[in-house]
Amino acid sequence: MTETSSLTSGLQRVLENERPRLLRFLAARGAGDDAEDVLHDLWQKLSGAEARPVADPVSYLFRAAENVLRDRQRASVSRDRRQHEWQDLAASEAEPQGDRVLIARERLREAEATLLALGPRVDQVFRRYRLEGIGQAAIARELGVSLSSVEKDLQKAYRALALLRDRFDAE
């Protein structure tokens with residue numbers, strides 16, 4: 001048996017000998033039914049860790065057990081918080097989704113009506129520029145108007161939509 005495995009085996013033997021005390025120690029610190037799992041995790045850590053001489057193996061094991069317990073409790077709190085956040089997010093998105101769709105459709109209809117009220121050319125210029133990505137100069141050539149007219153049509157559309165957005169925000 002090598003020195004590394006004998007040191008690990010030595011700590012594992014001490015853990016086996018101190019098992020009842022370690023279980024009571026962990027139970028007193030809130031481990032409850034998880035005390036056995038904590039000791040198992042500690043056993044795994046000892047078997048996978050690089051062995052080195054330990055002056056007081058009993059104290060070392062009690063401190064290590066407490067650290068494993070603390071890590072498990074932190075992970076549990078983190079997991080619970082994450083689970084609650086996901087549930088809250090899923091619930092908030094699932095319930096009003098139908099309302100959101102209806103509101104969005106109504107607002108889209110109002111935006112379309114607002115643009116049409118400004119005239120068919122303003123509506124067409126806005127749609128070609130903002131939705132289809134056509135350049136202002138190309139739109140001006142296509143409609144047979146000046147670049148300045150296209151710019152003014154876009155300004156009318158932007159002002160009207162900004163007022164509409166302000167109204168939506170006020171609701």
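**Salt bridges and a pocket in a predicted model**

At 34% relative accessibility, arginine 19 counts as partly exposed in this predicted model. Its salt-bridge partner is glutamate 36, and the closest N and O atoms of the two sit 2.4 Å apart. The pair links distant parts of the chain, since arginine 19 belongs to helix 1 (residues 3-28) and glutamate 36 to helix 2 (residues 35-48), 17 residues apart. Glutamate 36 is partly exposed as well, at 37% relative accessibility.

Another of them joins aspartate 41 to arginine 72, with 2.6 Å between the closest N and O atoms. Aspartate 41 lies in helix 2 and arginine 72 in helix 3, so this contact ties together parts that are 31 residues apart in sequence. Both ends are partly exposed, aspartate 41 at 26% and arginine 72 at 28%.

Glutamate 66 and arginine 29 also form a salt bridge, their closest N and O atoms being 3.4 Å apart.

Helix 4 (97-117), helix 5 (120-131) and helix 7 (147-170) each give at least two residues to its lining, and helix 4 supplies the largest share, five residues. By class, the lining has eight nonpolar and three charged residues, with no polar ones. Among the lining residues are Leu108, Glu112, Phe126, Arg127 and Phe168.

Technical notes: Residues are numbered from 1 along each chain as its sequence is written. This is a predicted model: local features need pLDDT of at least 70, side-chain atom pairs count only at pLDDT 80 or more; totals for chains, interfaces and linings use all residues. Side-chain values use heavy atoms; hydrogens and water are left out. On a 1 Å grid over the protein atoms alone, a cavity is a set of points where a 1.4 Å probe fits but cannot get out, and a pocket is an open set with protein on both sides within 12 Å along at least five of seven lines; lining residues have an atom within 4 Å of a point. Helices (H or I, at least four residues) and strands (E, at least two) are DSSP runs, numbered from the N terminus. Ala, Val, Leu, Ile, Met, Phe, Trp, Tyr, Cys and Pro count as nonpolar, Asp, Glu, Lys and Arg as charged, and the others, Gly among them, as polar. A salt bridge is a side-chain nitrogen of Lys or Arg within 4 Å of a carboxyl oxygen of Asp or Glu. Buried means under 20% relative accessible area, exposed over 50%, partly exposed in between (1.4 Å probe, protein chains only).
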